[in-house]
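Hello,

Here is the structure we talked about handing over.

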Amino acid sequence: MSKKKISLEIDGQKVQAEEGTTILEAAKQIGIDIPTLCYLKDINVEGACRVCLVEVEGDPKLGASCVYEIKEGMRVKTSTPRVIKARKQMIELLLSDHPNTCLTCIANQNCELQSLAAKYDVRGFRYTGERRRIPIDDLSPSIVREPEKCIMCRRCITVCKEVVTASIYDINERGFHSFAAPAMNDSQIDTPCTYCGQCILVCPTGALHEQRQDTELVWEALADPNKHVVIQTAPSIRSTIGEMFGMPIGSLVTGKLVTALKRLGFDRVFDDCFGADVVVMEEGTEFIHRFAERKRLPQFTSCCPGWVKFAENFYPELLPHLSTVRSPQQVFGALSKTYYAEMVGIDPNNIFCVSTMPCIAKKFEARRPEMTVNGLRAVDAVLTTRELGQIIKQAGIDLPNLSDSEYDEPMGYASGAGVIFGAGGGVMEATLRTVYNKLTGEAMRADQYKAIRSDSYTSIDIEIRGEKMRFAVARGLGNARHMIDRILAGELKVDLVEIMACPGGCVSGGGQPIYSHKDKWYMQVDAGGQRGNALFREDESKEVRTAHNNPWVKKLYAEYLGEPMGERSRQLFHSSYTKRPMYGRTPHDLCKKEPARV
Amino acid sequence: MRVEEQNKSTKKTHPVKYKDNDLQQTVIVKDDEKYEKLDLVLDEYEDVEGSLVTVLHQAQKIFGHLSRDVQIYVAERLGVPFAEVYGVVSFYSLFTVQPRGEYTIEVCMGTACYVKGSGKILEKLKSQLGIEPGETTEDGKYTLETTRCLGACSLAPIIKIGDDVHGNITAEQISEILTKY
């Protein structure tokens, strides 16, 4: 039954909207754009920032339109002098307690507060006085927190609690001194933060951002004549890096990206999707073994470092169920310093392996102590899409107008299966294509595996050799938690589960382009779909669409590795997981200076 | 030097209990008797929704302050994120994460008391005890706090030491009042 329709008048225009709609949403229907700062549709509806104030006839006070429900016959004015003045004053008050170091802020020109100040023509600082002084937390390899830039919108709190369900943030202190942070203003490293970076994507200012420690390392390595610098591009980068250059969401720029990287001076430009193909071979074989022995089922994928950290913190009992295969990034890194080094006859010590990832948890992953190969870091530097975009811009390379180039051999050719790793459900689909073939000897039909793409919480049953297997996908850690709880309670029986920390998969990762845009949340979610579709398009254009048919993967196994899950693979690619404490009992004290309390 | 030694000697050696043997980092040093009392409170309120403030209030009564460990313990037992627990603890001024002195001295800074010279009283207390509001003396005897109107304006200016109210006082009387404790 549809809800009751309500008629009202906004700025002299008649509007009809469903009961329960807010003024903000009703105004949007008729093209009136009310400014917001804390609002994220359906996710964060708090009325906290007060910049969406409007005048409602009969109400003596101005109301926050994001939480103001419409009523029959209501007459709303969204742009009277009083409203404009009040909104401007709200922005001025936010700025009175803001560092205002915009020129050197990471969110410069991509900040919602900044663009609102510009829109409302704020010139000069009308209110000056005491400012909060809170230390910066830059101890984690992934996230930097600058609480002084926090405007108390609560978006990070809500997203971390409702979407990610790690719930590491809340408001610390009270009144003037308050800011969003982990409990006791702990460093991220003392929390069960998964480093998924969804909080970074929704932060309206520069209060939360990624560590950019690796950009300089990459520039230096590129300039070092003794270093042989190789780069691997994660599957999703090809469908998002264009956005850094103003290209429409979903632009597929694989060839241009390769040209740009070659111009930057990388000695070899490789495709991380090749690593993904190898992961499919290993993970698929592992699953076939486990299924045959009925041991450690369901098997969970382990490609997503956010999910791995989540499991280590929240579900340590599941760790034996995680696939022991490292993520494509680490598999690739290991190969670059063994297989590739031997093939070209370069001392692995002189190989500098860069990865470019849609993800900030990958920075954490690359620094995990076990992620080494023969005593060397498998991956030396991890760049997010945003950092790579910046490097390309700094080098003066006009990516959108470049011609196409091909990836280098021997680790540049990937099958379509490797490419779709970046899209939601892609890891499962890629694995299915190979597992099905290994078990039946036949190619899987497209309609069979496509079913897994549809939803961020789904499962499909497939009969293979008379045995029914159930495969499930959960994207977004909140969905994952829900699914896992059902599995643990015995309500859901599955055999193989793909879990991705970010709601849209890697294409909506915490390292992807950020838009200082209203309705950010849905924009990111929609963007995830379009970016993912770009990857599926590339998959369809590929001649080889299954990992086990990739000639370079065959060559790798024939000449170097032997069998999947063989001795060499185990040594290079397989990992173990660590149960982690939820909260540090003896916290790192950099952030322990208590903010002054009155 | 003297103070350090004193601290050392007053530091009790609590029985140590590992919550989890393979996770040495999350060792909880348990003051068993107090945690047992807290457990009783938690048993009662575990399944009651919205009981966080009540539990924290009881916990502070038991421990004197809400240390990090106590907050994490409460968070885990109630299934509430630690961030939310600290959010509540840091919001309400009645909660404290720092150990408190034996006596809390509250200086009323309400309008009436302020006009009648509570500023001077506060200055005197600060210099005599050598601490700022919110801090505790090294010997652990006094914690100094300022407070909003206590509702006894006819006695202005007033201070509260523990549960005792001292009204109509002057800065000069402070030394004498403190000798009673």
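**Where the two domains meet**

In chain A, 10 residues of domain 1 are in contact with 5 residues of domain 2. Keep in mind that this is a predicted model. Domain 1 covers 5-94 and domain 2 covers 214-573. Their centres, taken over C-alpha atoms, are separated by 43 Å.

How much area do domain 1 and domain 2 of chain A bury between them? The figure is about 620 Å², with 53% of it on carbon and sulfur atoms. On the domain 1 side, the residues that touch domain 2 are 5 nonpolar, 1 polar and 4 charged. Across this interface of chain A, the rule finds 0 salt bridges.

**The five-stranded sheet**

An open sheet of 5 strands in chain A has the order β2-β1-β5-β3-β4, with mixed pairing. Its edge strands are β2 (13-18) and β4, and each pairs on one side only. Strand β1 (residues 5-10) runs parallel to β5(A), and 2 bridges join them. Within that region, Ile10(A) stands opposite Val76(A) in β5(A).

Next comes Asp11(A), in the loop between β1 and β2 of chain A. Phi of Asp11(A) is near 50°, a positive value in a residue other than glycine. That is worth a look, because most residues other than glycine have a negative phi.

The side chains of Glu57(A) and Arg75(A) meet at 3.0 Å, N to O. Glu57(A) lies in the loop between β3 (53-56) and β4 (63-64) of chain A, and Arg75(A) lies in strand β5 (residues 75-77), so the pair ties together parts that are 18 residues apart in sequence. A search of the whole structure finds 46 salt bridges over all chains.

**A hairpin**

Strands β7 (residues 169-172) and β8 (residues 179-182) of chain A pair in the antiparallel sense over 4 bridges. Tyr169(A) has Pro182(A) in β8(A) as its bridge partner. Between the two strands of this hairpin there are 6 residues, and Glu173(A) takes a positive phi near 65°.

**The four-stranded sheet**

A second open sheet to inspect has 4 strands of chain A in the order β12-β19-β18-β17, and the pairing is mixed. β12 (299-300) and β17 (457-464) of chain A stand at the edges with a single partner strand each, so one side of each is left without a neighbour in the sheet. β17(A) and β18 (residues 467-475) of chain A pair in the antiparallel sense over 8 bridges. One partner pair to check is Thr458(A) with Val473(A) in β18(A).

**Two cis peptide bonds**

Which residues does the cis bond with omega about -5° join? They are Leu297(A) and Pro298(A). Pro298(A) sits in the loop between α8 (272-293) and β12 of chain A. Another cis bond runs from Glu409(A) to Pro410(A), with omega near 5°. Pro410(A) is found in the loop between α13 (385-394) and α14 (416-419) of chain A. Both bonds deserve a look, because most peptide bonds are trans.

Best wishes

Conventions. Residues are numbered from 1 along each chain as its sequence is written. Chains are lettered from A and ligands numbered from 1 in the order in which they are written. This is a predicted model: local features need pLDDT of at least 70, side-chain atom pairs count only at pLDDT 80 or more; totals for chains, interfaces and linings use all residues. Side-chain values use heavy atoms; hydrogens and water are left out. Two strands pair if DSSP finds at least two bridges between them. Domain bounds come from an automatic or database domain assignment. Contact means heavy atoms within 4.5 Å. Buried area is the accessible area (1.4 Å probe) that two parts lose on being put together, summed over both. A salt bridge is a side-chain nitrogen of Lys or Arg within 4 Å of a carboxyl oxygen of Asp or Glu. Ala, Val, Leu, Ile, Met, Phe, Trp, Tyr, Cys and Pro count as nonpolar, Asp, Glu, Lys and Arg as charged, and the others, Gly among them, as polar.
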